[in-house]
Each structure stands twice: as C-alpha cells, then as structure tokens.
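This report walks through parts of one protein model. Look at the sequence and the structure first, then read on.

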Amino acid sequence: MNADSKDFLKRLVETPSPSGYEHDVQKLVRERIRPWCDSVRTDVMGNVFGVRNPEGKPRVMLAGHCDQIGFIVQYITDEGFLHLEPIGGVDPVVATSQRVSIMARCGLVPGVIGRKAIHLMDDEDKKKVPKIDDLYIDIGAKSKQDALKVISIGDAGIFVQPYLELANQRAVSMAFDNKMGTWIVTETLRLLHRRQFGACVIGVSTVQEEIGLRGATASAFASEADVGIALDVAHGTDTPGVEKKRAGDFHIGKGPMIFRGANINPHVFDLLLSAAKEKKIPYQVASAARGTGTDANPMQLSRGGMATGLLSVPLRYMHTPNELLSLEDLENTARLLAAFCTNLNKDQDFTP
C-alpha cells in the first residue's frame, strides 16, 4: 500500500464517526476524492457522492459506509458520571474499561468506561455478564454541573484505540468496520483516475449503516444506478473456537470475499469472479441464503431493482475497539473493483 493511501486509511479510522455523527469523516472523504471526480456532493443525510463519467452507461454505485459503533450520552448523575445508550451493536463486555472520546461542542472530551472493580464484587457479581446499564463514563468531572460545562445530553462518542500495524501487513484499529469500505471506494476512484471506461461510476460513502442501513437506502434511490457493489467486512474465521461448518472458512490475507446468494445478482457475481481471475487477484467465495445485513440489501431493492454485488474483507474481532485485517486484502479489493468497473460495457444485461 502506498504511503499516501495508508496515511488516509489511518486518518479515516482514527476520526470519530458514530452513526448520525459522521460529518468529520465525510470532510476527509470529500477532500480525498475531489481530484479524481467530475463532481462531489453531500446529501441532506450526510452521504457523500463522487461521480466519474456522469454520462456513461451503465450507472454503477459503489457503497462503503463510514459510520462506526459508539454511544450517546443519555443521563448525567449528580456526581458527574455519564450514562450511555449504545449506537449500533456494542458488546458491554468489550466496552468495559475502554477509553472513550466524546464529540462535544467544545471539541473531543476524553473519558473512560467505568465498572465496579473485581475486588469489590461478591461471588454473584462475578458471575454476571455486564449490561450496558451497568456501565458509565468517567470524564473526571466533580459534579453534574462540572460535567455540563463540557458535555451535553445527546453528545455522541466512540471507544478509542489507535491504528497499529502488526506483522505480515496486518493492522489493528477501531472502526475498520466499515471505514475500510469507504477507503476501498476512495481507492477505487484513485485507481480509475485517468483511465478510459464506459460506465458512470458513483462512489458513495454512506452513513448510518450500523443503525439500519439508512444512508444506503437514500443514496441508492438517488443514484438511479443499474448495478451496485457494496463493500463491507465479514468474519475471518481463521481463529480458535470458530465453528466453520456454521460460519464458513475465510482467512485473513487470502483476498476479498465475493458473495453469492439471494442478495446478489448472478451476473454481477460472475463478472466479479472473471475480473479477479483476469487480474490474478486472490479471492474467496462466500454464500448468503438471505439478505446480507449490509448496504447491498437496500441497494438491491431500490426503485425497480438494482443488480447488486457484495465484496467483503475478512475481519477478526468485529465490533470491538481492536479489529484486525490484512492491508493486502484492502488493496486487492480495490483492484478488483476497479477492474469490474472498467470491464463493463454499455449494453450489459443483468437480467437473470
């Protein structure tokens, strides 16, 4: 991965963007893609669209969501502790004792998730799995009035862990789910820059996926696309304790996962597979018997229907502050997506 693209990935994952509060990340996205697009715009929900070759055929939508799981401040105690409501699928076990960053009007406010120390627990307490109601945020405030000097009800925040590179081109970070999808969209637009191709490519950094695929629903309708590819993470199952007969066999570093199933147009799947083979890009085939729980769901159902595909990057430790993936998988997914877009012809028929 070139240094500039890696630096953008790091800035992307380290900039807070819990669902509904994606504006800071979307500023980065707009700045990144502007040199490579004919037009860049943001809709009223916060989805960012970058368009190449606007008069081209077919119209192709590439969607990666930029929001991450987090929390919202719901209540402040008289002692100045903050009680929270989760944004997206937050695991209270994982959240315990994590450092946090709250997006207040005065800037980012640091804090830590508190819970009774194990020394003070009785035997029954130790057996219990913590619930989100058992947790609170300590920002160091002395009282409610002190906390209210910097925090307001409705401020949102995230669990903080910095980007870190490991061995074998693997990296750990909060929010690879799914800022890596947004990164792939931007990287694809970079790879397509100055290339000649017939399709209209609409790269979208979508919002509010973690709370119901909301941004993709609006942006798919607005795009009027004929074909769409969603980018997301999927479970890397090459770790201890995973039952592969239920979860499949998917490895970090062995390439993007190309999905088949009810949510996927069969011609789109075949075209992605052909592009991977043509460019000698490693890939893994995955199945989905029903809706995939990704932006591909509303894309497929938009307007009169969109021919939809799904590319996923294997990820370990999903919905934790320390998600792990392969940087090679990210690059290969962007290469595959660029090849798919350039291979399309204006008369492409996606009818099954």
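Predicted model: local features only at pLDDT ≥ 70, side-chain atom pairs only at ≥ 80, totals over all residues.

## The eight-strand sheet

Eight strands form an open sheet with mixed pairing, in the order S1-S2-S12-S3-S13-S16-S14-S15. At the edges stand strand S1 (39-42) and S15; each has a single partner strand, so one side of each is left without a neighbour in the sheet. From one strand to the next, the twist averages 25 degrees.

Within this sheet, S13 and S16 run parallel and are joined by nine bridges.

## Helix H9

Helix H9 covers residues 266-278, which is 13 residues. At 1.5 Å a residue it should span 18 Å, and its end C-alpha atoms are 18 Å apart, so the two values agree.

Which residues of H9 are buried? They are Val268, Phe269, Leu272, Leu273, Ala275 and Ala276. Seen down the helix axis, these buried residues fall within an arc of 160 degrees, so they line one face of H9. The buried residues of H9 pack against strand S13 (227-235), strand S14 (257-261), strand S15 (284-288), strand S16 (307-315) and helix H11 (327-343).

Both ends of H9 have a local feature to look at. At the start, a side-chain oxygen of Asn265 comes to within 2.9 Å of the backbone nitrogen of His267. Just after the helix, Lys280 has a positive phi of about 55 degrees.

## The three-strand sheet

A second open sheet has three strands, in the order S10-S11-S17, and its pairing is antiparallel. Strand S10 (164-165) and strand S17 (323-326) are at the edges, each with a single partner strand, so one side of each is left without a neighbour in the sheet.

S10 and strand S11 (residues 170-173) run antiparallel and are joined by two bridges. Here Leu164 stands opposite Val172 in S11. Helix H6 packs on the sheet, touching S11 and S17, and its direction makes about 35 degrees with that of S17. Helix H11 lies across S10, S11 and S17, and runs at about 60 degrees to S17.

## Helix H6

Helix H6 spans residues 176-192 and has 17 residues. From its first C-alpha to its last it reaches 23 Å, close to the 24 Å expected at 1.5 Å a residue.

Of the 17 residues of H6, 15 are buried, so the helix is largely enclosed by the rest of the structure. After H6 comes Arg194, with a positive phi near 70 degrees.

## Thr15 in a loop

Thr15 lies in the loop between helix H1 (3-14) and helix H2 (23-33). Is Thr15 buried or exposed? The relative accessible area of Thr15 is 16%, and the limit for buried is under 20%, so Thr15 counts as buried.

A polar atom of the Thr15 side chain lies 2.6 Å from the backbone oxygen of Arg11. Not counting residues up to four places away in sequence, Thr15 touches Asp24, Val25, Leu28, Gln68 and Lys179.

Definitions and conventions:
Residues numbered from 1 in each chain as written. Heavy atoms only, no water. Helix = DSSP H or I, 4+ residues; strand = E, 2+ residues; numbered from the N terminus. Expected span 1.5 Å × (residues − 1). Buried < 20%, exposed > 50% of the residue type's maximum accessible area, 1.4 Å probe, protein only. Arc of directions from axis to C-beta. Contact = heavy atoms within 4.5 Å. Polar contact = N/O pair within 3.5 Å; in protein donor to acceptor, adjacent residues only side chain to side chain. Pairing = 2+ DSSP bridges. Axes fitted to C-alpha atoms, helices over the stretch in contact; angles between N-to-C directions.
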